[in-house]
Amino acid sequence: MKTKDCIELIQLADEGGVFTDESRYDIGTMIAVLNAARGFAITELHKQNNRIHPSFLQRVYPQYKKELQQDDCYTLFEVPKTVGINNQIDGLIYVGTIDGKNSFWKIRTRMQANSRRNHRIHKIAMAKHVHFLYDNTRGYLEVYDDKVKYILVEGIFGDPTSIPGFNLEEDDYPITMDAMKRIEDMVRTGTIRDVLRVPINKISNSAEDANVQRDINVK
């Protein structure tokens, strides 16, 4: 299902005047609404069945940029923001070698990284396995091996249409029919207003915020 097909389903489901005429035909606004509602639907579906459908995932091959590097201990990569499912799942499903065969070990906090580098046993593991830390506030990935220049990242990204190489006209939008039906229900009943905070001139009876945002955790 292409992005425009998803948007058309949202437009058709709007029986209660959720969107203004201006926003209904504004492609940027509708993509933002689709992305936000998708993130909410994914978290709901995960609560129900405790799994992440592979259709939600996309692959990114972050570029090594010399000007980004700040420390000899790790390599820094820019990574698109992800959809946080819960406290344990930050939206990154795979980080590892570019062939997809060797995943790196995740470190959740910088304090944990420092502790492991100074602990006798953990220091051995750090030397044997490549570790990484996802800095969700800056959208950076720290890979604790300064020799690593090429990586593969697979995850649930907050704005699928902004992923490098994504073709708005030709590529399928990463969503399932179950998630799309949930979004349609949210629009039809008007409960999508509870998910979005949007400008007053974009969605009828909306909050007063200046940008389309999600109340759930977008990392």
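**Reading a helix pair and a loop residue**

Modeller: Let's start with α1 (residues 3–13) and α6 (residues 177–189), whose axes come within 8 Å and cross at roughly 30°. Axes here are lines fitted to C-alpha atoms, for helices over the stretch in contact, with angles from 0 to 180 degrees between N-to-C directions. This is a predicted model, where local features need pLDDT of at least 70 and side-chain atom pairs count only at pLDDT 80 or more, while totals for chains, interfaces and linings use all residues. Residues are numbered from 1 along each chain as its sequence is written, and side-chain values use heavy atoms, leaving out hydrogens and water.

Colleague: How do I put the angle between α1 and α6 into words, and which residues make the contact?

Modeller: Angles under 35 degrees count as roughly parallel, over 145 as roughly antiparallel, 65 to 115 as roughly perpendicular and the rest as oblique. So α1 is roughly parallel to α6. Contact means heavy atoms within 4.5 Å; α1 brings C6, L9, I10 and A13, and α6 brings M180, I183, E184, V187 and R188. Seven of the contact residues are nonpolar, none polar and two charged (Ala, Val, Leu, Ile, Met, Phe, Trp, Tyr, Cys and Pro count as nonpolar, Asp, Glu, Lys and Arg as charged, the others, Gly among them, as polar).

Colleague: Is N50 buried or exposed?

Modeller: Buried means under 20% relative accessible area, exposed over 50%, partly exposed in between (1.4 Å probe, protein chains only). N50 has 62% relative accessibility, so N50 counts as exposed. N50 lies in the loop between α3 (27–49) and β1 (58–60), and has a positive phi of about 55° although it is not a glycine. Across the chain, 45% of the 219 residues count as buried.

Definitions and conventions
Helices (H or I, at least four residues) and strands (E, at least two) are DSSP runs, numbered from the N terminus.
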